[in-house]
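Work through these exercises with the sequence and the model side by side. Try each task before you read its solution.

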Amino acid sequence: MFFFKKEPKDMEMLLPKEYNKSICEVRSLTNTLLATGIVRLVANSGDTLEIMSRSGYLPMLPMSTRVNVVVHNSQAGPKVLTGEVYISSEDMMRLRNVTARAKHDPRRYYRQTIDHSAFLLFPPGATDRAGAALAQRIPIRVKDISQCGLMFECENTFAVGDELQINMTLLHNELEVLHLIIRREVERPAGKKGYGCDIVDMSPRVEQRLTAFVMEEQQQSLRRSRR
């Protein structure tokens with residue numbers, strides 16, 4: 001009788017080396033943001049993954065807690081993994097039994113609540129769906145954002161399928177123009193209208209800056225929640 005040794009999983013099959021030092025989110029299985037950090041790939045580590053602190057503080061999670069990890073990389077694209085906590089400290093978290101999450105767009109489930117000023121941009125003579133004339137720059141409030149979408153609030157009437165341009169600051173107060181397609185209308189307080197949008201046609205540079213902006217907003221949200 002022959003016995004075959006079971007080979008450990010190779011982490012590089014789950015997360016190729018170009019993801020090393022990528023920014024990541026650690027989330028509970030119910031999608032609560034627990035931490036943001038930096039992925040560290042360790043050679044010959046089998047199915048384990050290390051996450052290093054970005055700010056000197058990671059939450060202390062109980063051993064065997066199952067979490068999801070969303071890894072962001074503007075060149076290679078996002079990856080979603082799941083694993084269980086093996087070691088947890090303020091500086092480092094090690095996960096074991098890491099596997100890939102499949103068959104869904106990982107970015108669509110992770111939106112960060114914000115309250116950010118921005119402007120919709122329109123050509124001269126443009127009107128909204130109610131026939132009201134539109135100024136070339138209309139102030140709005142962006143109420144949540146992710147790496148692939150956002151929701152904004154305004155007083156004008158638009159419809160699902162409308163294509164818009166938005167001008168907003170991302171990191172370091174530098175302006176970026178984002179291209180939107182409205183996907184849904186959202187109930188808002190009286191006098192306001194909300195629109196959930198996909199962000200489309202992003203260059204790699206804009207996608208990278210948007211990801212960094214969302215991650216910074218998440219980090220600030222975590223800091224506020226721990227005060």
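Helices (H or I, at least four residues) and strands (E, at least two) are DSSP runs, numbered from the N terminus. The expected span of a helix is 1.5 Å times one less than its number of residues. This is a predicted model: local features need pLDDT of at least 70, side-chain atom pairs count only at pLDDT 80 or more, and totals for chains, interfaces and linings use all residues. Residues are numbered from 1 along each chain as its sequence is written, and side-chain values use heavy atoms, without hydrogens and water.

**Exercise 1.** Compare the reach of helix H2 with its expected span.

Solution. Find residues 204-225, which make up H2. The helix has 22 residues. From first C-alpha to last, H2 reaches 32 Å, close to the 32 Å expected.

**Exercise 2.** Is glutamate 176 buried or exposed?

Solution. Locate glutamate 176 in strand S11 (residues 175-186). Buried means under 20% relative accessible area, exposed over 50%, and partly exposed in between (1.4 Å probe, protein chains only). Glutamate 176 counts as buried because its relative accessibility is 6%.

**Exercise 3.** Which residues does glutamate 176 touch?

Solution. Contact means heavy atoms within 4.5 Å. Leave out residues up to four places away in sequence. The contacts are then Ile166, Asn167, Met168, Leu170, Arg205, Val206 and Arg209. Val206 and Arg209 are among the buried residues of H2.

**Exercise 4.** How many bridges join S10 to S11?

Solution. Two strands pair if DSSP finds at least two bridges between them. Seven bridges join S10 to S11, and the strands run antiparallel. In this pairing, glutamate 163 stands opposite isoleucine 181.
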